[in-house]
Amino acid sequence: MTGPVLTHLGKTKLELGPTEDIAPAQNWRAATDGDRIAWLTLDVAGSSTNTVSEAVIRELVDHVERLERERPKAVVIRSAKLSGFAAGADISGFADMAESGAADLLRQGHGILDRIARLECPTIAVVHGAALGAGFELALACDRRILIDGGSFGFPEVQLGLHPGLGGTFRLPALIDPLEAMTLMLTGKTAHTRKARKLGIADTVTEERHVAAAVRAFASGDAPDRDTGVKARALALKPARQIAARKMRGETAKSAAPDHYPAPYALIDLWEEHGGNPEAMQTAEIESFAKLLETDTARNLVRVFFLRQSLREAAQGESGITRVHVIGAGEMGADIAAWTAIKGKTVTLGDVDTAQLGAALRRAHKTCKGAHLTSAETRDAIDRLMPDPSGYGIARADLVIEAGPEDPGVKEKIYSDLADRMKEGAILSTNTSSLRLAALAKVAPDAGRFAGLHFFNPVPKMQLVEVVSHPDTAQDVSDRLAAFCGEIGRLPASVADAPGFLVNRALTPYLMEAMTLMDEGVSKEDIDRAALRFGMPMGPVTLADQVGLDICLHVADSLAADLDAPMAEVPGWLRQKVDSGNTGKKAGKGFYDWSDGAPDIGDGDADPELIDRLILPMLDACVECLRAGVARDDDQIDGAMIFATGFAPFRGGPMHYSKTRGPGEIGDRLASLAARQGKRFEPDRGWSDLE
Amino acid sequence: MTGRPVYLVDGARTPFLKARGKPGPFTPVDLAVQCGRPLLARHPLPETAIDLMILGCVNVIADEMNPARVAALRLGLPTQTVAFTMQINCGSGMQSIDTAYRYIRDGSHDMILAGGTEALSHSPLVLRDEAVEWYAGLAQAKGAVDMAKHMKDLRPGFLKPVIGLERGLTDPITELNMGQTAEVLAHRFGISREDADAYAVESHHRLARAQTEGWLAGEVEPAFDSDGGVHDSDDGVRPDSDMDALAKLKPVFEKPYGKVTAGNASQITDGASWTLLASEAAVEEHGLTPLARIADSDWAALDPSIMGLGPVLSATPIAKRNGLGGADIDLWEINEAFAAQVLSCLAAWDDESFCRDVLGLDAAFGQIDRDRLNVDGGAISLGHPVGTSGNRIVLHLANAMKRQGARRGIATECIGGGQGGAMLLEAA
């Protein structure tokens, strides 16, 4: 909490040297100070975040030409944006780039970064916040990097189906331990301040208030020494690289199949072949990047980037919610409460069972650890999360999130207890996944201020939250809930109050088909492998165990009861399994034995027929949701399914996949499956609208 | 007393957790946060309603200098809320209330959170002075040879730490341990081992009854540790305590003939307590229902070797000033540092010459019936987190008065070093 004095003093101002009062020509501010230190400050027009676009590179040419003539004492490159150094390349330009021959453009970019690298004077990048992708590459073209505490470097390209394309693939391995460099590029992980310093990406770490002094020292040659290690020299030899590359391929294959995600493999090939030779690597990087840019994977992953942005846009505005009361300290309630507290809200977690509250606190500590919070951040988050057996928090809460048992009677009792205790104007939301909101709204204290806020398991990982409105939900209530999702770092998808809403409606036929297949004698491992082969992050049987078989059963039952469309029959043995307490991961045993961690499903190929039997029912349900207006549009469905279930991102989402594969072909497949397997495969009539 | 009326609006404490030979799950500030959160949560006050926070704490740990301020910020109070920590040894938790009371009475403040906290299980192990000097020398050693030379001065005894708590419970002037001061009183006032043990048994039984009856609900709020542990009640209580079991215990402070045992002394415990004090204006503005009104307070000092008589010396002037005789006080809370010490206070009040010569009364103050004294147990069954106990007895007195419909009550404690503090409450 910032007090009035610090609020008055405002945020720390960025040290911009002589460019402080210079208006940017377009995207850059440039000036040289009295000590002949030339500053180039990136200040991209019309945006609060710097991205490295074609225009940014083109303008840089003029500035570098001038610096080559003027021969200043030193050159400083930094960002004028509070948000950070630069978020990377301008992704919206990727599609055009792929069309118009990326290689030429890349060569142009490489040319200018090479000229910066060749400047005779010391070149210094001052990095605050994140320097990602092309931003990182710009910093790498400088001799030295001064990192402001809290800043970070990263190459997230691999998440877009690409690898670094502006020299990162050879400049980073030349700067630091090549294996560490490859790991950063292959995983897309960010090196935060301490790691960046340890790896040697940053030459020094300081505070914003010391930037001027640090720049003066570096400009006068007073910078810490660098050393290139033994490892780098060893890996200059190809046989050594071959051994390392084999290991990298093995590691990569654990999370990304080569035909689904070619980029990391292309990067490993590149390094294995040319790792000792920067010039050759540069040429090869350009070719490889241009080729990857044209793959479906890259196009679809770029699409996913924009799907996320569009979901995030719906989360704009301020929720006005600072205090949250969560009812029910089961797994979901506990995780929702912990996550909300971590993200800065003041949270009370109500449950009459104090042992359950204790367990929730233990989970919260684990979640803080998983989220890499410092000990002070953990202390603050846990202080903001008050176990509340007496329900004191209800009276102060701006938002109450009910995460009680999926029993209408229990919920009705909870709601009636809230009626006189909630404050004026507070919102009541439910995390129900299987009950209809319209029915619950009748027993809610105020139907207009009642909506669904449906989180996915595990809450700290799954980014999507369904914001479910019923006909009486006030517009400002769903808007505020969407904004609330944004404030706690989640992506809201506003959906209608239909059975299973969107995500569970689509996911349940897939899960139930897996049960039917097991009934037919197909092994659970074969089923899970088929889904993995398609590109799902885990198979349906593993997923069912993870979500909890009791919850799956509940959702399946209520969907079967509420839906007109026929569903796969819920097998009797599933019910027995739940009754016997083998409810999945949380119980240590479900379909798989979880006592020794995640199950091993082995590897091997999968039957395409099996893949279709699992995936097509999910696609069909998505088409139905679009036709029935449960979701807003194709993109929302794709975004929701990717961020709630991990639906194969490189396929661009279920709707995109359907359209790419051909709605006619899928419709025919469904019809033939229906003939053999039963009515549950009958294609929804919405398929014809897609053609 | 002149000045504005001051109300004790509400309060909450953690369960008192017996120290079990290793640091407990909570630091002093953790404890203050654990019970402060529910207290603040049940009073939806505007953010700036609380003018000041005062916290008593004797054993401050190195990571939490001025624990009051650390607690205020961790409780989410605005950055501009002033908070300070007070220390008068065992009286700290009451001194915070008394200071708040005087500030509000005099008109400079309207609402103050006053508490006490102590984590005796976190008392540091202290190095001997010789060892500290040796370490300092080692740090200044220049080069390997010098360092090696210095190493040979290392003595095994340096590694044997002194338990800080033991030192803290020893009066530095008389070099008597607190338990020894109780032995002195037992001797002076003729308190037998049996009397002391009988008192202790009753303390346990009373606390056990209060727990079973739910009389501590709201006063004690559960504390949750990072391992998922839930601490929901005072865990030092022994409901099945009896004379036979206590008789088996050996004296701990003056072996082998002494009378003070671990069984008839207060327990070493962690715990925190808060009280919310408000002026009449604040009570009205925020629509609060006070528990009690603070009517008077006083402090007194005497020879450190008989510190246990502090209650007699501090409470009697209040009674005199307010024209109250022994029979006018409906309920008493006298902190149970030691059974022999409480019984000595009662004996002193019942001793005509003591009352005349020392207290300046015309006659004996009179007997204090056991059914008006520490009705729900005390530090012998609950434990005595030194900086907290004074706060707890005031809060519990207010709650017990409300439950019994009592009109007047006094909470009072003895203070290591030879002092006493007392506070008079009246029904609101």
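**View 1. Domains of chain A in the predicted model.** In this predicted model, the domain assignment divides chain A into domain 1, covering residues 15–294, domain 2, covering 321–489, and domain 3, covering 503–690. Between the C-alpha centres of domain 1 and domain 3 of chain A there is a distance of 42 Å.

**View 2. The segment of chain A annotated in UniProt at residues 500–594.** An unreviewed UniProt entry lists "domain: 3-hydroxyacyl-CoA dehydrogenase C-terminal" for residues 500–594 of chain A.

**View 3. An open sheet of six strands in chain A.** The strands of this sheet follow the order β1-β2-β3-β5-β7-β10 in chain A, and their pairing is mixed. At the edges stand β1 (28–32) and β10 (204–206) of chain A, each of which pairs on one side only. From one strand to the next, the twist averages 20 degrees.

**View 4. The pairing of β2 with β3 in chain A, and a helix packed on the sheet.** Strand β2 (residues 37–42) of chain A runs parallel to strand β3 (residues 74–79) of chain A, and the two are joined over six bridges. Within this pairing, A:A38 has A:V75 of β3(A) as its bridge partner. Helix α9 (residues 211–219) of chain A packs on the sheet, where this helix touches β2, β3, β5 (123–127), β7 (144–148) and β10 of chain A. The direction of helix α9 of chain A makes about 160 degrees with that of β5(A).

**View 5. A right-handed β-α-β unit in chain B.** The unit is made up of β3(B), helix α2 (residues 67–74) of chain B and β4(B), and its hand is right-handed. Its two strands, β3 (residues 52–56) and β4 (residues 82–86) of chain B, pair in the parallel sense over five bridges. Across this pairing, B:I54 is found opposite B:F84 in β4(B).

**View 6. The contact between chain B and chain A.** Here 19 residues of chain B are in contact with 22 residues of chain A. On the side of chain B that touches chain A, helix α1 (residues 28–41) of chain B supplies the largest share, which amounts to four residues. Sorted by class, this side of chain B comprises eight nonpolar residues, six polar residues and five charged residues.

Key
Residues numbered from 1 in each chain as written. Chains lettered and ligands numbered in written order. Predicted model: local features only at pLDDT ≥ 70, side-chain atom pairs only at ≥ 80, totals over all residues. Contact = placed C-beta atoms within 7 Å. Nonpolar A, V, L, I, M, F, W, Y, C, P; charged D, E, K, R; others polar. UniProt positions renumbered as here; feature names shortened; annotations may be inferred. Pairing = 2+ DSSP bridges. Axes fitted to C-alpha atoms, helices over the stretch in contact; angles between N-to-C directions. Right-handed = clockwise from strand over helix to strand, strands pointing away. Domains from an automatic or database assignment.
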